[in-house]
Amino acid sequence: MSTRIAFLKGHGTENDFVIVPDPENALDLSPATVAALCDRRAGIGGDGVLHVVRSAAHPEAAGMASRAEWFMDYRNGDGSVAEMCGNGVRVFARYLQHAGHVPEGDLTIATRAGVKTVHIAKDGDVTVGMGSARLPEGAVTVSVGERSWPARNVNMGNPHAVAFVDDLAHAGDLRTQPPFSPAAAYPDGVNIEFVIDRGPRHVAMRVHERGSGETRSCGTGACAVAVAAARRDGTDPAVTGSPATYTVDVPGGRLVITELPDGEIEMTGPAVIVAEGEIDAEWLENTAR
């Protein structure tokens, strides 16, 4: 192993990531190593790690290599593996452009939730085709203190519980995951969004992301919120035949979510690379012990 390992830091609406380029999948990023990288005091700091690997070099992505050259091996801030991260895909695409691997325009990225289509616009925004939402049946409830709310179960490749509330402060501190029931609805944990209305097709949200705590933004969460709001508002595109676009304000900025009549969901927002440097390989090795 070399004495230095390259990294970058990026964010999408302040959902921030440590980016580790590793085209041939040569690095062993254990959960402990990922957690150390994401530590905001003793490491670099981030909500998660974007491990950049060629699809053909990763056993989980080799089957997608003919459709997408690059695989986003995404890890949560606590080191756990995640299926998908919407803001992460945008930042991943921005990194590929920054590194000269792709130009502006269209590309595909492999994720554990499948191959995602991406468009890098000249104005800097990145649009990601997020696939379609699944809406599992069954009532779900989330709670904070003595308050409880019904929540919409929305799966965007990862699980979400969307609760509409009167005040975002009712979500509490969101450092730990709010209780939910029934437990069987989310056997592997869940991302929980608390949502208020700000105007016609305009909402604001806070989110607890499983494995990361409260984050400044969550792309799949914003998509889940837009889907839940469309169903609540009677603007389901599959029923109306017209796209439904919602503006979703997050603590770190603003995302625009459009659901098309065929179910495809597009998310548009910024993605920024803010720094790059080198990690000491000895420190990285020691984190796994």
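**Helix H1 and its cover**

Author: In helix H1, which spans residues 31-38, the residues Thr33, Val34, Ala36, Leu37 and Cys38 are buried, where buried means under 20% relative accessible area with a 1.4 Å probe and protein chains only. Helices are DSSP runs of H or I with at least four residues, strands are runs of E with at least two, and both are numbered from the N terminus. This is a predicted model, in which local features need pLDDT of at least 70 and side-chain atom pairs count only at pLDDT 80 or more, while totals for chains, interfaces and linings use all residues. Residues are numbered from 1 along each chain as its sequence is written, and side-chain values use heavy atoms, with hydrogens and water left out.

Reader: What covers the buried residues of H1?
Author: The cover includes strands E2 (15-21), E3 (48-54), E4 (70-76) and E18 (272-280), together with helix H5 (281-287); contact here means heavy atoms within 4.5 Å.

Reader: Asparagine 76 next: which strand is it in, and is it buried or exposed?
Author: Asparagine 76 lies in strand E4, and it counts as buried because its relative accessible area is 5%. Setting aside neighbours within four places in sequence, asparagine 76 is in contact with Val34, Asp47, Gly48, Val81, Ala82, Arg210, Gly211 and Ser212. Val34 is also one of the buried residues of H1.

Reader: Changing topic, where is arginine 206, and what does its side chain make a polar contact with?
Author: Arginine 206 is in strand E13, residues 202-209, and its side chain makes a polar contact of 2.8 Å with the side chain of glutamate 214. A polar contact is a pair of N or O atoms within 3.5 Å; within protein, one must be able to donate a hydrogen and the other to accept it, and residues adjacent in sequence count only if both atoms are side-chain atoms.

Reader: Why does arginine 206 count as buried?
Author: Arginine 206 counts as buried because its relative accessibility is 14%. Not counting residues up to four places away in sequence, the residues that arginine 206 touches include Leu168, Asp173, Ile192, Phe194 and Pro251.

Reader: And the whole chain: how many helices and strands, and how much is buried?
Author: The protein chain has five helices and 18 strands, and buried residues make up 53% of its 289 residues. The C-alpha atoms fill a box of roughly 55 × 40 × 30 Å, taken along the principal axes.

Definitions and conventions. Buried < 20%, exposed > 50% of the residue type's maximum accessible area, 1.4 Å probe, protein only.
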